[in-house]
Amino acid sequence: MINSFSISVKNLWIHDTICRLCGKRMASDLHHIYGRGGTKRNQFMNSAYNASPLCRPCHEMGEIHQQEVRDILIKDTTQFLKEQGYKKTEKDKLFLNYIK
């Protein structure tokens, strides 16, 4: 998957190959749900909680930047990470606090 996430975050999603938005196509991108932000925000925007595997057509849709879609993806990612037994890092805590 093409993205700027760390190897450890990419590895969380390595076997999850279906687009988390449409559920129909192969995921090719690990999408930043809230973008990457500026240099100050970069420290936490690569949080595992800000990641969602998407197919190219869904990733290119403008709708993915609407709050309603972001909320769906954050909920889905949170559930996925919980099922994986993922433990929150400081970066994750900063990100989750940022999106409150």
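These entries cover the helix, then the rings.

I worked on a predicted model, in which local features need pLDDT of at least 70 and side-chain atom pairs count only at pLDDT 80 or more, while totals for chains, interfaces and linings use all residues. Residues are numbered from 1 along each chain as its sequence is written, and side-chain values use heavy atoms, with hydrogens and water left out.

I looked up helix H4 (residues 67–83), helices being DSSP runs of H or I of at least four residues and strands runs of E of at least two, numbered from the N terminus. I found Val69, Arg70, Leu73, Ile74, Thr77, Phe80 and Leu81 of H4 buried, where buried means under 20% relative accessible area, exposed over 50% and partly exposed in between (1.4 Å probe, protein chains only). Seen down the axis of H4, these buried residues fall within an arc of 130° (taken from the directions from the helix axis to the C-beta atoms), so they line one face of the helix. The face turned away from them carries the exposed Glu68, Lys75, Lys82 and Glu83.

I then turned to Tyr34 and Phe95, an edge-to-face pair at 6.0 Å centre to centre with 70° between the planes; rings of Phe, Tyr and Trp (its six-membered ring) pair if their centres lie within 6.5 Å, and planes under 30 degrees apart count as stacked, over 60 as edge-to-face and the rest as tilted. Both Tyr34 and Phe95 are buried.

Notes
Expected span 1.5 Å × (residues − 1).
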